[in-house]
Amino acid sequence: MKTTLGILGCFVVGIAVGRWGALSDPVIIGHVSFAALCLLMLCVGIMVGSDKTMLRQIRSLPRLSLWLPVCTIGGALAGSVLAALLVHRLPTDGLAVGSGLGYYSLSSLLIGDLRGAELGTIALISNIMREVITLLFAPLLVRYCGAFAPIAAGGATTADTTLPVIMQYAGARWTTLSVFHGCVVDFSVPFLVTFFCTV
Amino acid sequence: MLTVFFIMLLGVGLGYVFGRRLSWVRHGVLPLIGLLLFLLGVEVGGDDCIMSSWSTIGIDAIVITLAATGGSVAAAWLLWLMIYRKETRRRREEELR
């Protein structure tokens, strides 16, 4: 939660600076943004590639449960299209925001860069809310929709920030599934977001 | 935007080959995210059009969040029911034996 607040703080300070007009050259901002984004994606790629423990964890899971990341992504995309139509936006706008799956930092930055600051801001708010919903409503989700529900709601965060809550309410039995789910969804976010931003 | 995609794939390859020797890169992720969100904020703050439509942006974000999270939960619930039914059936069969 401390990290989330810190990240949100950077965004709020940025808004204040932008409003004040201290950094007003969009060309320089664009160049610095793109260079930092490339560096960030390289770091994310290195982190994904160096994690070799996932294969060992997958083998210990019930086979059918391995479909959970597909359900999470499919359900989110279906819901996002409906939501986009409801708020009179392009379906691809909804798909780009929805495919962030709680990975608010990376998805909002990619969307901000590819589809403009407005949709990037929507993605940031939306994906932070997804994490908060999981943290607050995990007990209710388990009670009414089963142990997989908070894992699906947590999206890309289930291998780290929402893992303790999931372990507590869904049960330690599903910890490996939660980590596996988080890794798969986490890995899919940059690909899905980039794809839906460019179609 | 394919550049970003290929840079990530390059990172996956580097991470796979060099593994733990590149584990220090994780310390750079958070400052980079902070910098990028700061710059996104600067862009948002300097755009009068976005600043005057905060309520619309907020409502759109809430609707998309609820629908996307709801969709994921509904699909996961169906999978949970499938697994639960399968397990119950297996236990019954074991009891009958």
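## Ground rules

Residues are numbered from 1 along each chain as its sequence is written, and chains are lettered from A, with ligands numbered from 1, in the order in which they are written. Because the model is predicted, local features need pLDDT of at least 70 and side-chain atom pairs count only at pLDDT 80 or more, while totals for chains, interfaces and linings use all residues; side-chain values use heavy atoms, with hydrogens and water left out.

## Chain A overall

Chain A is built from ten helices and has zero strands. Here helices are DSSP runs of H or I with at least four residues, strands are E runs of at least two, and the numbering starts at the N terminus. Going along the sequence, you'd read α-α-α-α-α-α-α-α-α-α.

How does the radius of gyration of chain A sit against a compact globule of 199 residues? The globule would come out near 16 Å and chain A has 17 Å, so the two agree. (That radius is taken over C-alpha atoms, and the globule rule is 2.2 Å times the number of residues to the power 0.38.) Along the principal axes, the C-alpha atoms of chain A fill a box of roughly 55 × 40 × 35 Å.

## What chain A hides and shows

Of the 199 residues in chain A, 55% count as buried. Buried means under 20% relative accessible area, exposed means over 50%, and partly exposed is in between, with a 1.4 Å probe and protein chains only. Contacts (heavy atoms within 4.5 Å) reach across the sequence too: among those in chain A with a separation of 6 or more, 69% come from residues 24 or more positions apart.

Chain A exposes about 8,400 Å², with carbon and sulfur atoms supplying 70% of that area. Accessible areas come from the Shrake-Rupley method with a 1.4 Å probe, and for residues only the protein chains shown count as cover. As for charge, chain A carries 11 positive and 8 negative side chains, and the centres of the two sets are 13 Å apart. Lys and Arg count as positive, Asp and Glu as negative, and His and the chain ends are not counted; each charge is placed at NZ of Lys, CZ of Arg, CG of Asp or CD of Glu.

## Domains of chain A

Chain A is split into domain 1 (1-39) and domain 2 (63-199), with bounds from an automatic or database domain assignment. The contact between them takes eight residues from domain 1 of chain A and nine residues from domain 2 of chain A. Their C-alpha centres lie 24 Å apart.

## Chain B overall

Chain B has four helices and zero strands, in the order α-α-α-α. A compact globule of 97 residues would have a radius of gyration near 13 Å, but chain B has 23 Å. Its C-alpha atoms fill a box of roughly 70 × 45 × 25 Å along the principal axes. Chain B is divided into domain 1 (1-48) and domain 2 (53-97), and 31 Å separate the C-alpha centres of those two domains.

In chain B, 41% of the 97 residues count as buried. The chain exposes about 6,000 Å², and carbon and sulfur atoms supply 65% of it. Chain B has 10 positive and 8 negative side chains, with 19 Å between the centres of the two sets.

Ser80(A) lies in helix α4 (residues 68-86) of chain A and counts as buried because its relative accessibility is 0%. Leaving out residues up to four places away in sequence, Ser80(A) touches Gly94(A), Leu95(A), Gly98(A) and Ala68(B).

Phe148(A) belongs to helix α8 (residues 148-154) of chain A, and is also buried, with a relative accessible area of 0%. Which residues is Phe148(A) in contact with, leaving aside its neighbours within four places in sequence? From chain A they are Ser65(A), Leu68(A), Trp174(A) and Leu177(A), and from chain B they are Ala76(B), Leu79(B), Trp80(B) and Ile83(B). The C-alpha atoms of Phe148(A) and Ile166(A), 18 residues apart along the chain, are separated by 9.2 Å.

## Two positive phi values

Most residues other than glycine have a negative phi. His88(A), not a glycine, has a positive phi of about 60°; His88(A) sits in the loop between α4 and α5 (91-98) of chain A and counts as exposed at 72% relative accessibility.

Leu101(A) also has a positive phi, near 50°. Leu101(A) is in the loop between α5 and α6 (104-115) of chain A. Is Leu101(A) buried or exposed? Leu101(A) is buried, with a relative accessible area of 1%.
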